[in-house]
Amino acid sequence: MFRAEPLVRIRLLMLASEAPDAALELARFGIFSPAQYAPPALSESPAEPYRDAWLEAESRTSKLVERCGGLGELTIPEGAAAPTLADLNELNDWLKGVWQACLSAHEGEARIQEEVRHLDALEETLGKLERLNVDLAQLLRADGLLAVNIGSLPSASVKRVGEALAMTGSLVSTFDHVGDQAYAVIAGPRERHDEVRGLLSQAGWRELPVPPELRTHPKEARAWLADERKRVEELNVRECAAMDTLRGKYRSGLEEARLRVTLGRPLAEAATAGVRGRGGLAGLSGWVPRRRVDELKSSLEGRFHGRYWLDIEIPKREEAGQVPSLVRYPVWLKPFVPLVKSYGVPRYGEFDPTLPFAFTYLLLFGAMFGDIGHGAVILLLSLGLFKKMGKGAWIGVAAGTVSMLFGLLYGSIFGYEDIIHPLWMSPLHHPTQMLTLAVSFGVGFIVLTLLVNARNKYTAGHVEEALFDSTGLAGLLFYLGAVGGVVSMAGGADLATPSWMLAGIGITIVALYKWIETHASIGERVLVTSIETLETGINLFANTLSFMRVAAFSLNHVALALAVFTLANGMGTAGHWLTIVLGNVVIIVLEGGIVAIQALRLMYYEGFSRFFSGDGTEFVPLKLAGVK
Amino acid sequence: MSAYLNTRVSLYSGRLWQMADFEAVLKIPDAEMADALGSRGLPQLAAGFDHRDQRSLEQRIIAEVLDETKVLIRPLTGAARSFLIYWTERFEVSNVKTLLRGKMTGERPAALINRLTPMGAFGRLDVQDLAHAEDVSELLRRLEAGPYAGIVRHARRAFEESHDPFILDAALDRGYYEGLAHRAQPLENEAGAAFRRLMGTLIDRINLVWMLRYRFNYNLPPAQVYFLLVASHYSLPSQRLRELASLGSPEAILDGLPEQLRSVLRDAPDIPGVFARMENAASETATKVLHSGAPAIARAFAYLILRERDLRSVRAILRGRALDLPADDIRVAMYQTTEGIA
């Protein structure tokens, strides 16, 4: 829980024809994270064509499943083998055929929808055409001198089309707008109609077929429209039936395709990390937990009966940067993991701060927002939103509970300090004590971070940094000495001389280390050493004082409640309770939010920045389904 | 922020190539080419020089332009930022055309994706998804649901009516440049005459070259040619474009131009010649704007125009060398580059 699980690098060489099955086996194993592998001897990328074919098949299958819908849950048979490249190509051809069949049916549906929209527009247009006050039969005569078009085009193009049409001696007159389409009549000399036609096709013009009925009696036109609607409706029923037939016809094939695509996914995914090969050989590389190696060996043996070569290597210390981090967390701690990972992923071998983070974060939140009532509201809200927020709601539940606990200690309920007696003390009545406690907590927190950093540096092989740097043990010596000195000066202890000596030794070691580590001219070394040494002292001092905000926010919480009560007391009964309720809502939302952010800030900047590099790589195992 | 951008542009302008730089790169041995490109402010080209792959060369040139544009955009907000971002989008419109052509010829998705220009932080298209569309209609429908809906919607309707790839390309180009001119308008008011001059040289060149091509290479009727041009309020406003499109020969069109353009194009031998001369004139305008006290956005735009001109010439040199062409032939190609970078 405090550090990543020890991993080993495996290199698996097998027959290229068995690479899909090997990847599938590793995905079934469930805990293999592929990694870059490019030995010069294996100069080819045999999985690339496989990935390309798989991507095509996956894309087509997804589209078809989406269109056809209704496929049951995918079950993967125990001994199912992964498709070969030839299988995938064959599958692609089949899917293409199915897609084309479905596409024409789907396009038929789309055409019907379009026709329905068109009839709607036609009906709307009919009313307007009736008011055009022209004899349409005469206007649209095929043998007239004028060529007339009635139709629609994008509204944005009307001006441009009008200008262009003017060059052919034609006119455009719009008579309706529906959405972004303008309905217009275009009239011009028949001998230049070809030019007009070319221009209109370029302009996205859509001809509105005016039926003969529309050209005569409006009543007949409306009857014609009703008949058309009926016809389109019948067409729609036929198309739906055709689509259902297609669904029935291809359902089992699509289920098979989905299974094959799922089984082919592991090699396609592994190909992004790099599957190398040459001739008939292919090689996969990646990371697995050390404790599962024997299990992996027997699973490979069971599947390939010796037709493979497995190389296992423990990563060297200097390779730590390449190794992904696999950390297992108990269920209750998992909701806090995203908060840590938003700062960074722990590097392999680095101390994983999730557990101390969870405890400290909750402690800080509770200390700054201690109130039984407010904590209860947060708790209940989080429980209420559990379904929506998922496991993230657990953080709210825990924060609300801790807030209630601190409320008991502070004797505060919805800001009232006189309803229950504090089990410990009220921040408002003991501000100095609160500040002292907050700073003391900060000292303890910083000491912990310095120790963890020293440990991280040591395990990463940076022994000098662990011992002598400002964030290592020398920095810790200085910090403890300085704290002791300040406490003694304030009369809290009688250790001034040894404390200052300790601080002096610590800072001298830090200065010497900086001097040795700086490779520059004398002047620059003096400058760098003095500034960085000074910075060590200032930073630690500032970071410690930063924890005063914990006390400040606990006081702020009470002060806000007092402000609400003062306002409420100046009003009548209804106004009083309304102000109390609204005031508490503001406190919960505004102050609760600020405190949550402040606690996070303390953890990130005063804690993580001191010891947590966060530049690790996440362990992403090959999975059989549901992997990106 | 304009002080920062001005400084940044001034620093960048030191990267623009002089004639001596082109001559030097034309002559140096291959082994020294990467260093020469790197030392002349083209790290992307230097890094991939040994690839010798023309597609990769094109992609690296665009990556270089995008890298610099990213830096110039950083301090900008509002209309200026939106304009420069849109300026980079022509590379993505070019990707849209590649995708459409690929679908028309039934190219496989992997090969198609490989031919696309990586847009980095400027990319707005889900190329994986688009490349896996089954045909042009599906691709157009998907594009219409994406960031280029405005440009594509019109093109789709035109294509559905005609099924002519030329119409599709022309509609996409026109849609893009209409959008550019639209975004430039607020800046012409804010950034004044310098910016307007730059836009003017760009849109006038596009309109004139397209007009000549559509009218005399593709034999389209005047009304259709006019419709395919970009609405303009520069030296060639709509009324003038209509008059010019109605004329019957390239010579008549060149004679009908305003005096300023006529003098530039006098005796231009052919349409590529017209393009080259107008581009040279545009470069001169951009150089003047760059070295003037014009607003920062105008100087930044001028720098990008000049930088792309340089990169086109470098591309001509590298391509020519890869094909073992004689230096004189490369010089001709370099000085008379006839195609845009996009």
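In the hairpin of strand 4 of chain A and strand 5 of chain A, which residue takes a positive phi? The residue is A:Gly179, whose phi is near 60°, and the hairpin has two residues between the strands. The views below come from a predicted model, in which local features need pLDDT of at least 70 and side-chain atom pairs count only at pLDDT 80 or more, while totals for chains, interfaces and linings use all residues. Residues are numbered from 1 along each chain as its sequence is written, and chains are lettered from A and ligands numbered from 1 in the order in which they are written.

**View 1. The two chains in outline.**
Chain A holds 20 helices and 11 strands, whereas chain B holds 18 helices and zero strands; helices (H or I, at least four residues) and strands (E, at least two) are DSSP runs, numbered from the N terminus. Of the 628 residues of chain A, 36% count as buried, and in chain B buried residues make up 43% of the 342 residues. Here a residue is buried if 20 or more other C-beta atoms lie within 10 Å of its own, exposed if 12 or fewer, and partly exposed in between, with C-beta atoms placed from the backbone. Among contacts in chain A between residues at least 6 apart in sequence, 77% join residues at least 24 apart, two residues being in contact if their C-beta atoms, placed from the backbone, lie within 7 Å.

**View 2. An open sheet of chain A.**
Four strands of chain A form this open sheet in the order 4-5-3-6, with antiparallel pairing; two strands pair if DSSP finds at least two bridges between them. At the edges stand strand 4 (171-178) and strand 6 (206-207) of chain A, each of which pairs on one side only. Strand 3 (residues 146-154) of chain A and strand 6 of chain A pair in the antiparallel sense over two bridges, and A:Gly151 has A:Glu207 in strand 6 as its bridge partner. Strand 4 and strand 5 of chain A are also antiparallel, paired over seven bridges, and here A:Thr174 stands opposite A:Ala184 in strand 5.

A:Leu165 has its place in helix 5 of chain A and counts as buried because it has 24 C-beta neighbours inside 10 Å. Not counting residues up to four places away in sequence, A:Leu165 touches several residues, including A:Ile186, A:Val196 and B:Ala223. A:Leu165 and A:Val196 are 31 residues apart in sequence, and their C-alpha atoms are 6.9 Å apart in space.

**View 3. Strand 9 of chain A and its partner.**
Strand 9 (residues 308-313) of chain A has six residues, of which the number buried is zero, so the strand lies largely in the open. Six bridges join strand 1 (residues 7-15) of chain A to strand 9, and the two run antiparallel. The bridge partner of A:Ile10 is A:Ile312 in strand 9.

**View 4. Helix 17 of chain A.**
Helix 17 (residues 496-517) of chain A has 22 residues and reaches 31 Å from its first C-alpha to its last, close to the 32 Å expected at 1.5 Å a residue; the expected span is 1.5 Å times one less than the number of residues. Its buried residues, among them A:Leu502, A:Gly506 and A:Val510, pack against helix 15 (463-468), helix 16 (473-489) and helix 18 (522-546) of chain A.

**View 5. Helix 1 of chain B.**
In helix 1 of chain B, the buried residues are B:Leu5, B:Val9 and B:Tyr12. Seen down the helix axis, these buried residues fall within an arc of 65°, so they line one face of the helix; the arc is that of the directions from the helix axis to the C-beta atoms. The face turned away from the buried side carries the exposed residues B:Ala3, B:Tyr4, B:Thr7 and B:Leu11.
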